[in-house]
Amino acid sequence: MAARAARVTAYAALPALYALHNDLWLWDDPSRLLGLPVGLTYHILFTAAVVLVMWRLVRVAWPGDALRKLAARSDGAGGEETG
Amino acid sequence: MTLAVIFAYLGAVLLIGVWSNRRLAATGEDFFVAGRTIGPFVLLMTLFGTHMTSFALLGASAESYRIGIGVFSLMASSSALMVPIVFFFVGTRVWAVGSRLGLLTQVQFVRARWGSDGVGLLLFVVLVLLLLPYLLIGVMGGGVVLGQITDGAAPSWLGSLLVSVVVIGYVTSGGLRGTAWVNTFQTAMFMLLGAVTAILIVASLGGVGEALDRVAESRPELLVRGEAIHPLRLLSYTLIPLSVGTFPHIFAHWLSAKRAATFKAPVVLYPVCIAVVWIPSVLLGLFGNIDFPGLDGAASNSVLVRMIGLYAPDLLAGLLGAGVFAAIMSSLDSQSLSLGTMFTQDVVRHYRWGGDLNEARQVRLGRLFVVAVVATVFLLSLVAERSIFALSVWSFTGFASLLPVVVAALYWRRSTAAGACAAILTVIALWSWFFVRGIGNPDYSVGGAGIMPVAVVFAGSTLAMIAGSLLSRPPAPERIARFIPCAR
């Protein structure tokens, strides 16, 4: 149950990041944060946040089982496949 | 001095490529996808190097010079988000299916998924047509950069020729393994040199704060997004990096991974690579307004080279030239190899031209096609106009809009060949419609509302995929099982 909740949270972070990428509230803000224009600092921090979310996604939602099933050469197929 | 550094760098790149030839087994799988043996670090570096073109160094600084800090949100942080998502959800599954079925190209992938030769052929034509201008931009970029760095002393054809010959040398020598090794070296080069260049120039300007104050005095609008970027443009531009999911050269690198877990490093660390390359480029472009105000059009593309000439001549100019060549060649090599793979596997082998292809003949043909592709692109570069550079975003639009086909193949059991065909035809129709209207206008948006054409073409492609699939007969369950695992 806890693992499922962690997976759902990790997946839910992706659309949240997509929304946060559109920082309309900083559009015309000329102030500085950490020595850089705040609009630039925000997106550098955003990039750092993406790293954390991806790290979490890989830890709790890695589709290992699905990939193992897909990659298993149980049918002995190889070479060109055209159906 | 500048040329000596560039020649030394090109020599080193060729050596790595030729050295990788010692590991080459004479099989198609080894030549075209490195025998599926690439580890996490090389996969990360080669994926990043292949995806980033010279635009990340020269084009980003030029865009930042023109429109300011907004270029980072538009092109860098959007890629930092979307590209790892595509690696996670699409790349890993493509690798799993590809390694199981022994696939080498996207066309083989769709043929295997839907059992349709027609969809494969249609996709082959579209991919080749979208990739050719991209290759041309790389070869021409080599000429332009050499001309800028040597202040016009070296003709542009010489730079294009150098790039072409070196790429042919190491790609035909080491196949995808050689390409991946060289790309790892080249990616490290342009990341390191970009950072060193930025540190030296910013120090000469008195530090970041001082330089920003000077920009704020003359061009305060560059320190905000303001009028330069429409909010809807930012929203829709986020779809452009989805093109990474359908680039043939990225597809080939995915297939070269040793195991599924190899993807974890690229998924997590790709945004770090983006930040390392783009932050210096954007800042340097911005600071170019201090010493070189008022550059417009093509002149603004050389703002980074001008700054290096002013603050750090000779050795650094040569090193930066090497870094830009690295960025150009690390994309061009994989693109030319992927086209060589497609012609060998999807045309000659698939249609059995000249009978069955044994492993040795596959490798020989692959090499021959790489030489033919690069030589053809070099000859085209001699007659093509500079306006070809405007084609890059159109090429990305086409690739991004094909992503629904790949996603449907991997995740939607009900998807069919008719749906895929409808989606590809919709991309062709809508892309052509917008291309005719927008090619002369770099700020073109749908109805002038700020929405990038990619948003409409992508939506059209998705709807066509759904409608075409639902209106046709469902595929056989055993075919689906090879691509989509059962939930149980």
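Reply: Happy to! Chain A holds 3 helices and 2 strands. Read from the N terminus, these elements follow the order α-β-β-α-α. Please keep in mind that this is a predicted model, so the confidence values deserve a look along the way.

For chain A, the mean pLDDT is 86, with 87% of the residues at 70 or more. Among its elements, helix α2 (residues 38–60) of chain A has the highest mean pLDDT, 97. The lowest mean among the elements, 88, belongs to helix α3 (residues 64–71) of chain A.

Now for how chain A is put together. Of its 83 residues, 42% are buried. Taking the contacts in chain A with a separation of 6 or more, 57% are between residues 24 or more positions apart.

On to chain B and the pair of helices I promised. Two packed helices are described by the angle between their axes and the distance between the axes. Helix α14 (residues 315–349) of chain B and helix α15 (residues 359–383) of chain B have axes that come within 8 Å and cross at roughly 125 degrees. At that angle, α14(B) and α15(B) are therefore oblique to each other. The crossing of α14(B) past α15(B) is right-handed. On the α14(B) side, the contact is made by S336(B), L337(B), L339(B), G340(B), F343(B), T344(B), Q345(B), V348(B) and R349(B). From α15(B) come Q362(B), L365(B), G366(B), F369(B), V370(B), V373(B) and V374(B). By type, the residues of this contact divide into 9 nonpolar, 6 polar and 1 charged.

V305(B) sits in helix α13 (residues 303–311) of chain B. With a relative accessible area of 14%, V305(B) falls under the 20% cut-off and therefore counts as buried. Setting aside the neighbours within four places in sequence, V305(B) is in contact with L58(B), Q148(B) and I149(B).

Key. Residues numbered from 1 in each chain as written. Chains lettered and ligands numbered in written order. Predicted model: local features only at pLDDT ≥ 70, side-chain atom pairs only at ≥ 80, totals over all residues. Heavy atoms only, no water. Axes fitted to C-alpha atoms, helices over the stretch in contact; angles between N-to-C directions. Helix = DSSP H or I, 4+ residues; strand = E, 2+ residues; numbered from the N terminus. Parallel < 35°, antiparallel > 145°, perpendicular 65-115°, else oblique. Left-handed = near helix turned anticlockwise from the far one by under 90°. Contact = heavy atoms within 4.5 Å. Nonpolar A, V, L, I, M, F, W, Y, C, P; charged D, E, K, R; others polar. pLDDT = per-residue confidence, 0-100. Buried < 20%, exposed > 50% of the residue type's maximum accessible area, 1.4 Å probe, protein only.
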